Amino acid sequence: MSWADQLAVLLAGLGAGILTSTVGVASLLSFPVLVAVGLPPVVANTSNTVGMTPAGLSGSFGYRRELAEHPGVTAAVLFTAAGGSVAGSLLLLWLPGSVFEAIVPWLILGTCLLVGVQPRLSRFVRQHTGNAEARLRVSPATGVFATLTGVYGGYFGAGSGVMMMAVLGLGTDLEFRTVNALKTFAVMASNVVATVIFLAIADLDWLAIGLLAGGSVVGGYVGSHIGRRLPATVLRSLIVVVGIGAATLMLVR
């Protein structure tokens, strides 16, 4: 990579780190940059996952107060995201990438829609099920969908944070800021597991990883403070707008 390419990757890591802790579509920024500077798609994908892991770690640290509020849910998110990521990471290495990448934009569009309508949909579900109590635990059904999101996170990852927000937003009645923190934690758990697997058996570009990691660790922490201060309506709107824009770009490229 030239110096200009290295700077682009470093800045992509910074920007993607901020996105990890806010709108949850970080890989839609960092992954295309790695491909643009000449990395093969699978190497770019695996290197992106490893390089973006520090963003999840620093972002989760920034959200530590929110994560401590509901330790049971935090533990459930950890195990479902990490467990699903094992399967997803192995699928990335065993299956043609074109199969799954073809449906990525549609998955992102669908989950953006769910994030946008989640408050009304949650109220509708509660009214028609007669459940007047706040749902502060992860139900078995929510756990299944969270695990599937972890599978996706280990396989490709782009938009997995938005998907986890949709799953937790519909499956629980936690505050939106807490859901956002749990989303960042889920991305971190998924990336850590995938990183362990990729370090053992995948081809990686260590220069790209180092540059991404350097930018993302700062961006993840900064993003957690931004995400905490943004009103829920504003953050939800940003997630929908950014997610739809990213999915559209993936469809037309």
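By the ring-pairing rule applied here, the count comes to 1 aromatic pair. The model is predicted, and the average pLDDT of the protein chain is 83, with 89% of the residues scoring at least 70. The protein chain holds 12 helices and 0 strands, and 53% of its 253 residues count as buried.

**Fold and contacts**
- Read along the sequence, the pattern of the protein chain is α-α-α-α-α-α-α-α-α-α-α-α, in keeping with a count of 0 strands.
- Among the contacts in the protein chain with a separation of 6 or more, 84% are accounted for by residues 24 or more positions apart.

**Surface**
- The protein chain exposes about 11000 Å², and carbon and sulfur atoms supply 72% of that area.

**Helix α10**
- Helix α10 covers residues 176-201, and its 26 residues should span 38 Å at 1.5 Å a residue, which agrees with the 37 Å that separates its end C-alpha atoms.
- Because 20 of the 26 residues of α10 are buried, this helix is largely enclosed by the rest of the structure.

**Ring and charge**
- The charged end of Arg-64 sits over the ring of Phe-61, at 4.1 Å from the centre of that ring.

**Confidence along the chain**
- Confidence in the protein chain is highest in helix α11 (residues 206-229), at a mean of 92, whereas helix α6 (residues 97-101) has the lowest, at a mean of 64.

How values were computed
Residues numbered from 1 in each chain as written. Predicted model: local features only at pLDDT ≥ 70, side-chain atom pairs only at ≥ 80, totals over all residues. Heavy atoms only, no water. Helix = DSSP H or I, 4+ residues; strand = E, 2+ residues; numbered from the N terminus. Buried < 20%, exposed > 50% of the residue type's maximum accessible area, 1.4 Å probe, protein only. Contact = heavy atoms within 4.5 Å. Areas by Shrake-Rupley, 256 points an atom, 1.4 Å probe, with all protein chains shown as cover. Phe/Tyr/Trp six-rings, centres within 6.5 Å; stacked < 30°, edge-to-face > 60°. Lys NZ or Arg CZ within 6 Å of the ring centre and 35° of its normal. pLDDT = per-residue confidence, 0-100. Expected span 1.5 Å × (residues − 1).
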